[in-house]
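Reader: I'd like to learn how to read the ligand sites in a model like this one. Can you walk me through it?

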Amino acid sequence: MGKGKLIIISAPSGCGKSTIINELIKNSDLKLEFSISATTREPRRGEKNGVNYYFMSVDDFRRAIDNNQLIEYEEVYPGRFYGTPRSEIERIRNMGRNVILDIDVMGGINVKHLFGDDALSIFIQPPSIDTLRQRLETRGTDTPEAIAQRVEKASFEIAQADKFDKVVVNNRLDVAVNETEELIKAFINS
Ligand code: ADP
Ligand code: 5GP
């Protein structure tokens, strides 16, 4: 049994990463397991510890950094840390399954550097900044301040798209999911 590969899905917040990943995971041929990140942000309604994230205090997060338990971490928003636990990647790869990561743009670039040819990095691009803002407003999970913060950050992040192996525009969801599926199939069979 070979070791699993890594599929990195990055994009500005609100571009549809979680939506696309949820669809991809349903396709059992891809043998994908979601890498559960650690974060210091508060759970949103419906989110569960150990399912969506490992929710932790800033002190616990700092301890995880000090103990070398995270392969990468970012302060994605001021005071809000997100990081990828080493144990998640090892657990999933050792089962011979492929790891799918939902991580921010800088984190995506870092993980690609760490894993090289064992990783495929995919950038999900919004059709436009206006569409992105509308989607965040429709999702209704963030305050107006948080939405403004996310939209502002998006312009910088979109400029990083050329550092990824592949770019998928999320205009129509079903088209974006199909396209991403084909990229993953080609990669895991290569
Ligand atoms: P992310 O995980 O990148 O922050 P989400 O997956 O939460 O983004 O998507 C943000 C919002 O946009 C959600 O309300 C989602 O239902 C919606 N959405 C995602 N993809 C599309 C699409 N192609 N067309 C319209 N709305 C979409
Ligand atoms: P949210 O608060 O919307 O769940 O996530 C905010 C951002 O943090 C998203 O862009 C998401 O991809 C990113 N993120 C989630 N987990 C990680 C992680 O482990 N590392 C990094 N660098 N970013 C992450």
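Author: Let's start with the pocket: ligand 1 sits in the largest pocket. On a 1 Å grid over the protein atoms alone, a pocket is an open set of points with protein on both sides within 12 Å along at least five of seven lines. A molecule sits in a pocket if more than half of its atoms lie within 2 Å of its grid points. One caution: this is a predicted model, where local features need pLDDT of at least 70, side-chain atom pairs count only at pLDDT 80 or more, and totals for chains, interfaces and linings use all residues. Residues are numbered from 1 along each chain as written, chains are lettered from A and ligands numbered from 1 in the order in which they are written, and side-chain values use heavy atoms, with hydrogens and water left out.

Reader: Which elements give two or more residues to the shell around ligand 1?

Author: Elements here are DSSP runs numbered from the N terminus: helices are H or I with at least four residues, strands are E with at least two. For ligand 1, they are helix 1 (17–25) and helix 5 (129–139). Helix 1 gives the most, with three residues.

Reader: And which residues around ligand 1 come nearest?

Author: A residue is near a molecule if one of its heavy atoms lies within 4 Å of it. There are 14 such residues around ligand 1, and Gly14, Ser18, Thr19, Arg139 and Asn170 come nearest.

Reader: What about polar contacts with ligand 1, say from Arg139?

Author: Such a contact is a pair of N or O atoms within 3.5 Å. A polar side-chain atom of Arg139 is 2.8 Å from an oxygen atom of ligand 1. Arg135 also uses a polar side-chain atom, 3.3 Å from a nitrogen atom of the ligand, while Cys15 places a polar backbone atom 3.3 Å from a ligand oxygen.

Reader: How much of the accessible area of ligand 1 does the protein cover?

Author: Accessible areas come from the Shrake-Rupley method with a 1.4 Å probe. On its own ligand 1 has 570 Å², and the protein covers 75% of that.

Reader: Now ligand 2: where does it sit, and which residues come nearest?

Author: Ligand 2 sits in the largest pocket. Of the 18 residues around ligand 2, the nearest are Arg41, Tyr53, Glu72, Tyr82 and Asp102. The side chain of Tyr82 has an N or O atom 2.5 Å from an oxygen atom of ligand 2. From the backbone, an N or O atom of Gly83 lies 3.0 Å from a ligand oxygen. Of the 510 Å² that ligand 2 has on its own, the protein covers 95%.

Reader: Which element supplies the largest share of the shell around ligand 2?

Author: Strand 5 does, with four residues. Strand 5 (70–77) and strand 6 (80–85) each supply at least two.

Notes. A polar contact is a pair of N or O atoms within 3.5 Å; within protein, one must be able to donate a hydrogen and the other to accept it, and residues adjacent in sequence count only if both atoms are side-chain atoms. On a 1 Å grid over the protein atoms alone, a cavity is a set of points where a 1.4 Å probe fits but cannot get out, and a pocket is an open set with protein on both sides within 12 Å along at least five of seven lines; lining residues have an atom within 4 Å of a point.
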